[in-house]
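Biologist: I am new to this one, and I would like to be walked through it. Could we take it a question at a time?

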Amino acid sequence: MRIIARMNVGGPAVQVSGLMRGFNSAEFDHRLYTGFCAIDEADYLDSVATDIKAIRIDGLGRRVSLLGDIRAFLSLVKAIREFKPNIIHTHTAKAGFLGRLASLVSLQKSVRVHTFHGHLLNGYFGSFKRTLVVIAEKSLAFITQQLLAVGDKVRQDLLEAGIGSKEKFGLMPPGLAIGNLPSKNDALTFLGINNERLQCAFIGRVTQIKRPDRFLNVVSEIKKRNISLDFFMAGDGELLEVCRERIIAENLPVKVLGWQSNIEKVLSAADIVVLTSDNEGTPLSLIQAGIVGLPVVSTNVGSVPEVVQDGATGLITSLDVQEIADALEKLVTDKALRAHLGSAAQKFTLANFGVQRLVRDHEELYKKLLSSPTTI
């Protein structure tokens with residue numbers, strides 16, 4: 001039984017979809033339980049992963065509501081008692097909280113597994129809420145047989161906060177698959193992008209943690225330096241309109257694409273991918289870029305150094321706008337460096353972050369857990 005709060009477009013939804021497609025149906029009765037996306041979010045199941053079947057749970061979305069959360073909790077308890085799963089694997093914070101408590105209350109002898117897809121401790125909450133989250137996660141860790149983190153930096157930070165133990169905490173890096181890329185000219189034409197200049201892509205949710213404001217500061221600096229580089233934003237989120245207004249007001253060389261269902265077209269149109277986040281788990285946009293051989297520039301946050309080898313497969317910077325702009329300028333002016341970093345990134349990423357590895361590692365983990373005695 002796989003539980004995730006909602007399948008909004010983003011890393012967790014991509015990972016869960018890969019698992020749902022890849023598991024051996026002859027060995028596993030594998031069911032997905034999820035809530036509904038908010039009105040300002042794109043639902044990955046409706047727009048991309050239309051082949052994935054899911055059981056929808058009212059109240060299990062992003063919004064925190066006492067009545068809605070109670071309704072979702074009771075629905076999960078009922079579902080667990082009906083399904084009687086050997087393993088309950090929760091993803092994302094809210095699903096992890098409600099799903100693991102529902103498992104406990106259901107009195108079913110299920111092994112509980114929880115994945116931390118991102119870094120909960122920095123950037124998402126104020127100090128008071130952060131303290132509450134840490135207390136809750138510490139308590140939930142006691143009733144969880146296996147904890148997983150998508151990156152070692154995420155795992156180490158959670159352990160330092162007192163969440164879980166080394167014996168319980170495993171590492172489960174993301175795994176992705178990218179379809180065939182269209183030609184660059186076809187992709188640029190489809191997206192309405194200028195095909196005479198290099199293109200740098202910002203790919204992902206346009207939310208505060210991703211710091212689209214810093215991205216636009218970088219764009220502004222690149223414009224001041226008169227560097228021949230254009231940008232586009234492929235993603236959606238609550239800050240998209242604010243970004244659009246600033247781009248128009250300052251006449252920045254950025255095309256706003258919004259969310260795109262065809263990541264292959266987005267990647268084919270790009271020459272460089274940039275990430276300006278304050279915080280990350282293991283960023284899928286950088287993995288996607290690596291798989292198709294694109295060089296990247298990224299801030300040094302979360303598990304980025306596990307995905308990008310600084311100076312070998314991409315360039316990692318501080319949070320400083322000038323330093324990010326320097327790295328981009330370096331790539332723009334050195335075609336050989338772009339090609340070298342992209343080629344090395346493709347080899348490294350395919351070897352370490354493929355979807356087949358993700359599915360295989362999960363199947364092996366579940367079999368191992370089921371071979372050991374379980375507790376309620």
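What follows is a conversation about some helices, loops and single residues.

Modeller: Gladly, and one note before we start: this is a predicted model, where local features need pLDDT of at least 70 and side-chain atom pairs count only at pLDDT 80 or more, while totals for chains, interfaces and linings use all residues. Residues are numbered from 1 along each chain as its sequence is written, and side-chain values use heavy atoms, with hydrogens and water left out.

Biologist: At roughly what angle do the axes of helix α11 and helix α14 cross?

Modeller: Helices (H or I, at least four residues) and strands (E, at least two) are DSSP runs, numbered from the N terminus. Axes are lines fitted to C-alpha atoms, for helices over the stretch in contact, and angles run from 0 to 180 degrees between N-to-C directions. For α11 (residues 284-291) and α14 (residues 335-352), the axes come within 7 Å and cross at roughly 115°.

Biologist: Which residues of α11 and α14 make the contact?

Modeller: Contact means heavy atoms within 4.5 Å. On the α14 side, the contact is made by Ala345, Gln346, Thr349 and Leu350. On the α11 side, the residues are Ile287, Gly290 and Ile291.

Biologist: How far apart are the end C-alpha atoms of helix α15?

Modeller: The expected span of a helix is 1.5 Å times one less than its number of residues. The 16 residues of α15 (residues 355-370) should therefore span 22 Å, and this agrees with the separation of the end C-alpha atoms, 23 Å.

Biologist: What covers the buried residues of α15?

Modeller: The buried residues of α15 include Val355, Leu358, His362, Tyr366 and Leu369. An α-helix has 3.6 residues a turn, so residues three or four places apart point the same way. The cover over the buried residues of α15 includes β1 (2-4), α1 (11-22), β4 (87-91), β5 (111-116), β6 (146-149) and α14.

Biologist: Which strands do the buried residues of helix α6 pack against?

Modeller: In α6 (residues 152-160), the buried residues are Val154, Arg155, Asp157, Leu158 and Leu159. Just after α6, Gly162 takes a positive phi of about 90°. The buried residues of α6 pack against β5, β6 and β7 (169-171).

Biologist: Asn226 has a positive phi although it is not a glycine; is Asn226 buried or exposed?

Modeller: Asn226 lies in the loop between α8 and β9 (229-234), and its phi is about 60°. With 70% relative accessibility, Asn226 counts as exposed.

Biologist: How far from Cys200 is the nearest cysteine sulfur?

Modeller: A disulfide is a pair of cysteine sulfur atoms within 2.5 Å, and by this rule the count comes to 0. Cys200 is buried, with a relative accessible area of 0%. Cys200 is in no disulfide, and the nearest cysteine sulfur, that of Cys243, lies at 14 Å.

Notes. Buried < 20%, exposed > 50% of the residue type's maximum accessible area, 1.4 Å probe, protein only.
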